[in-house]
Amino acid sequence: MTSLMAPAPLAGSDIYERILTAPGGLVVLEHDNSQVLIEQFRAIARYNGQSVYVWDPERGMESLREAHAYIAGSQRLGNALRYIQQSIHFGVYLLSPFPLPMSAVDSSLLRQLARAPAGHVRRVVLLDALPAWVASFDDVAVRLSSTASVTQRPRLRDGRWLL
């Protein structure tokens, strides 16, 4: 007798789903270990074929779906934010760490991305951001924790129950 059970969900898929369903374009993610989270998102991007990027100031923006694929000229935060803003495709963009102090132009671009139109599924996720800095974006940012809420109801997604 064969089993028709759905495959086990990938680690981090619950966090990824909550990011996608967040009501705003700017998400502040409170978590324990950003490197583990990035590797989980890399596995999700490769499995689902989704566009997930991670930015750091030394290498710029890297695609997690394709190994060692970088966006040219994206080492500066302003250039990376402009790339995200001009993209018309789906994407989840993980930003960490932040060069502080942030320029007024970069702050304005981040606010514009937070208020992106509902038609574009584009999420900018802030990792390892300082609480005092994040407080200046409380009016436009959605805060998520990497631990699932106890009151959250399970939902069916692609044949699997997710919290």
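Me: What makes strands β1 and β6 count as paired?
Reply: Three bridges join β1 to β6 (residues 122-126), and two strands pair if DSSP finds at least two bridges between them. Three meets that cut-off, so the strands are paired. They run parallel, and Leu-26 stands opposite Val-124 in β6. The strands themselves are DSSP runs (E, at least two residues; helices are H or I, at least four), numbered from the N terminus. This is a predicted model, in which local features need pLDDT of at least 70 and side-chain atom pairs count only at pLDDT 80 or more, while totals for chains, interfaces and linings use all residues. Residues are numbered from 1 along each chain as its sequence is written, and side-chain values use heavy atoms, with hydrogens and water left out.

Me: How many bridges join β1 to β7, and in which direction do the strands run?
Reply: Five bridges join β1 to β7 (residues 141-145), and these strands run parallel. The bridge partner of Val-28 in β7 is Arg-143.

Me: Why is β1 called largely enclosed?
Reply: Four of the five residues of β1 (residues 26-30) are buried, so the rest of the structure largely encloses the strand. Buried means under 20% relative accessible area, exposed over 50%, and partly exposed in between (1.4 Å probe, protein chains only). Glu-30 has 39%, so Glu-30 is partly exposed.

Me: How do you know that Arg-143 and Glu-30 form a salt bridge?
Reply: The closest N and O atoms of Arg-143 and Glu-30 are 3.3 Å apart. A salt bridge needs a side-chain nitrogen of Lys or Arg within 4 Å of a carboxyl oxygen of Asp or Glu, so this pair qualifies. Arg-143 lies in β7 and Glu-30 in β1, so the pair ties together parts that are 113 residues apart in sequence. Arg-143 has a relative accessible area of 40%, so Arg-143 is partly exposed.

Me: How many salt bridges does a search of the whole structure find?
Reply: The search finds eight. One of them joins Arg-59 and Asp-56, at 2.9 Å from N to O. Arg-59 is partly exposed at 44%, whereas Asp-56 is buried at 15%.

Me: Which residue forms a salt bridge with Asp-139?
Reply: Arg-111 does, with the closest N and O atoms 3.1 Å apart. Asp-139 is in the loop between α5 (131-134) and β7, and Arg-111 is in helix α4 (residues 104-114), 28 residues apart. Asp-139 has 55% relative accessibility, so Asp-139 counts as exposed. Elsewhere, salt bridges with shared partners join Glu-30, Asp-138 and Arg-143 into one network.

Me: How many aromatic pairs does the structure hold?
Reply: It holds three. One of them is Tyr-53 with Tyr-83, at 6.4 Å centre to centre and 75° between the planes. Rings of Phe, Tyr and Trp (its six-membered ring) pair if their centres lie within 6.5 Å; planes under 30 degrees apart count as stacked, over 60 as edge-to-face and the rest as tilted. The pair is therefore edge-to-face. Tyr-53 is in β2 (residues 52-56) and Tyr-83 in helix α3 (residues 77-86), 30 residues apart. Tyr-53 is buried at 11%, and Tyr-83 is partly exposed at 31%.

Me: Why is the pair of Tyr-53 and Tyr-93 called stacked?
Reply: The ring centres of Tyr-53 and Tyr-93 are 5.2 Å apart and the planes are at 5°, so the pair is stacked. Tyr-93 is in β5 (residues 91-95), 40 residues from Tyr-53. At 1% relative accessibility, Tyr-93 is buried. Tyr-53, Tyr-83 and Tyr-93 form one aromatic cluster.
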